[in-house]
Amino acid sequence: MDCRGDPTEVALLVSALKAGFQNAKLEREEPRLDTIPFESEYQYMATLHHGHKPFIYLKGSVEAVLERCNSCLLPDGTLAGLNKTAIHKQVDEMAHEGLRVLAFATAAAPEGTSSIDHVSTSSGLTFLGLQGMIDPPRREAMEAVKLCQQAGIDVKMITGDHAVTAAAIAREIGLRGAHENGRLKALTGKELQRYSDAELEEVAENTAVFARVSPDQKLRLVKALQARGKVVAMTGDGVNDGPALKQANIGIAMGITGTDVAKDASDMILTDDNFSSIEGAVEEGRSVFDNLTKFIVWTLPTNLGEGLIVLTAVILGTLLPVQPVQILWVNMTSAVLLGLTLAFEPKEPGIMSRPPRPSSKPILTKELVMRTLLVGALMLLASFGLYLFETQSGSSIEEAQTVATTALVVLESFYLLNCRSLVRPIREVGYFSNMWVYYGIAAMFFFQALFIYVPIMNTLFGSSPLSPPQLVRVFGAGMLLFIIVTIEKQLRLRFASPTDAEA
């Protein structure tokens, strides 16, 4: 039998086949005349069939089915009174094992019936039995939940399943939340109705499992978490998930089982319907944000240093240590050969162990602004200082300006190594984990050598060949900047809070 579609429906068809029922044969003998589709408000679906006489068959949540039944069918085919207490006890036992439980019922319809509605199924049904199913959590999903929790992300379950079943599954995958009687607490939709919007905020934050929840209650839960300042990501696949997906900060629809309504209401579509992909997206997003911040933290101080050199020369009334065409050369080459290499930085160790970054926190924090000012000032002192040293030592203006320009290149290259991590020393991120940085620095030094020693470059940019002692002083300044920034990172890591340290 080739079964496609909703996993629950497929599981029921397979179960019926194992019991000896042939779907195709039943469809011929008792063709379906009408259907009441499943709705969260009613929590059941019903079909009308006509064989020897018309019959209604109904399946859904235990609570919804039992309240419509007044008798049960015994194994010998006779009818008996309905013992709801015994049935609920059996349901609880199945639910504690993590089984999703469905109830089934039937009723004879009047002759000539060709359609049914909710009035037709409101009472007088005969209870047929229960079906227990289990969809074991994927190992990668459990691992993803653990990683999300380590990253400070609270994972909550909102489901239409029985509360006990939902709590058992949530416990198995490792959800954390309020406990009751030694078990993970699960709130039902009926219980949520008792809470005001203000009360629901605390309940939504502290509870991990919500069962038998209606679409409007899902929306209320999302709004309650947002009222507490939370950034809410909501996953869903059905039409009834649409309002909550739209309200969430990040709506995530299932790409395989999701309806068009859910996909249209969402910001993202999960193509493999796997929760671990969400964890992977969070991890990748943190890495991209890190690398973007690193590039900004590298490029701002280097441009600030260049601007300060020109500004200082104007204020002091001296010749420019670096000509405009030489600044253009530095910016044109360093942005491509140096700055872009930070985009290839791998994920830093412990990236999923950090607390979430507050959405109101700026990219440039106070600590990074101080870093920008520090590096800008060091570049000014080194480049302008070397320029003055060369002019006072009898070097030509061309030589002094070439020394100042080369100092900028070397300082930016050494500072690039500092920017591979905003707080960690280079040994913790791996000396050779991003070889593109070294390729970029090597290429930068190669082109700077052309700038210094090739005659046509001397003519175009007003540069001049440098002696080994001059180069030693330039590289010494670069090494000094590297050491100072490394010390600054160590001090900030030691005395700052975790969120500030990862600024």
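A residue is called buried when its relative accessible area is under 20%, exposed when that area is over 50%, and partly exposed in between, with a 1.4 Å probe and protein chains only. The model is predicted, so that local features need pLDDT of at least 70 and side-chain atom pairs count only at pLDDT 80 or more, while totals for chains, interfaces and linings use all residues. Residues are numbered from 1 along each chain as its sequence is written, and side-chain values use heavy atoms, with hydrogens and water left out.

Arg212, which sits in the loop between strand E12 (209–211) and helix H9 (215–227), counts as buried because its relative accessibility is 13%. Although Arg212 is not a glycine, it has a positive phi of about 50°. Gln43, in the loop between strand E1 (32–39) and strand E2 (44–50), is not a glycine either, and its phi is positive at about 60°; its relative accessible area is 18%, so Gln43 is buried. The helices (H or I, at least four residues) and strands (E, at least two) named here are DSSP runs, numbered from the N terminus.

The next topic is the nonpolar core, a set of buried Ala, Val, Leu, Ile, Met, Phe, Trp, Tyr and Cys residues joined through side-chain atoms within 4.5 Å. The largest such core has 49 residues, of which Trp298, Tyr415, Leu416 and Leu481 touch the most other members. Helices that each supply at least two residues of this core include H12 (275–316), H14 (366–392), H15 (397–418) and H19 (468–495), and H15 gives the most, with 12 residues. Apart from this core lies another, of 23 residues, among them Cys69, Met94, Ala109 and Phe127.

Leu481 is in contact (heavy atoms within 4.5 Å) with Val375, Leu378, Met379, Leu411, Tyr415 and Asn418, not counting residues up to four places away in sequence.

Helix H12 also holds Asn291, which is buried because its relative accessible area is 9%. Leaving aside neighbours within four places in sequence, Asn291 is in contact with Leu342, Ala343 and Glu345.

Two packed helices are described by the angle between their axes and the distance between the axes. For H12 and H14 the angle is about 45° and the axes lie 8 Å apart. Residues of H12 in this contact include Val297, Leu304 and Leu308, and those of H14 include Val375, Met379 and Phe384.

How values were computed
Axes fitted to C-alpha atoms, helices over the stretch in contact; angles between N-to-C directions.
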